[in-house]
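Hi,

Here is the structure I promised to send over.

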Amino acid sequence: MQNPIIKVCNLTKSFNQNKVLKGINLEIQSGEVIGYLGTNGAGKSTTVKILCGILSDFEGEVNLLGLDIRKESTAVKHRIGYIPENALMYEHLTPMEYLEFVGTLYGLKPENIREKSRQMLSLFEMLDYANTRMITFSKGMKQKIHIISGILHNPDILFMDEPLNGLDANAVIMIKEMITELAHEGKTIFYCSHLMDVVEKIASRIT
């Protein structure tokens, strides 16, 4: 068997005296869609923030793509995508301005950013709003932009934390199809949710 693309050994995390994560062990292979299931407050978002290199104060070992997240978090971050549940964004920018900013952070060429942004905005029925200030957008519209920004740089691993919040039915179907397609391309999807009926329809494994 090939080396796991994500390997977690005895992951433990406490906030003050409250132990949120208690010795988690995971091995995830390339192309898997992992459903990370738990009630609100169970530590799903905390796990994802550790795996993404956002939280560094933890016990245990975490390796992604063969890299130690503590020692090589910058290298890891360039190869992963993260779609949080409630992300902040620069709402006074337009979607195109925001995606150009995100793409530049990942070192993408300007022409490639614009081309892929237009493709993704069209797919999510947002192209007509490409140059509209996002401060006027609904929660669902903003979530679509978050999703696009998370996959713009073609990450090897995509972390999704309750990504369907605020989306309309058509967008939900599109996201589920996109997850399946990305997995077929060999991408690894780490999908967090408290909804069993959603996770069991998209995940190849639930933990």
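Helix α5 (residues 139–151) lies across β6 and β7 (157–161), at about 170° to β6. Angles here run from 0 to 180 degrees between N-to-C directions, with axes fitted to C-alpha atoms, for helices over the stretch in contact (heavy atoms within 4.5 Å). Helices (H or I, at least four residues) and strands (E, at least two) are DSSP runs, numbered from the N terminus. Helix α6 (residues 169–184) lies across β3, β7 and β8 (188–193), at about 155° to β7.

This is a predicted model: local features need pLDDT of at least 70, side-chain atom pairs count only at pLDDT 80 or more, and totals for chains, interfaces and linings use all residues. Residues are numbered from 1 along each chain as its sequence is written, and side-chain values use heavy atoms, leaving out hydrogens and water.

The open sheet has 5 strands in the order β6-β7-β8-β3-β9, with parallel pairing (two strands pair if DSSP finds at least two bridges between them). β6 and β9 (205–206) are at the edges with a single partner strand each, so one side of each has no neighbour in the sheet.

Now the salt bridges (a side-chain nitrogen of Lys or Arg within 4 Å of a carboxyl oxygen of Asp or Glu): the structure holds 7. One of them joins arginine 205 to glutamate 32, with the closest N and O atoms 3.1 Å apart. Arginine 205 is in β9 and glutamate 32 in the loop between β2 and β3, so this pair ties together parts 173 residues apart in sequence.

Cheers
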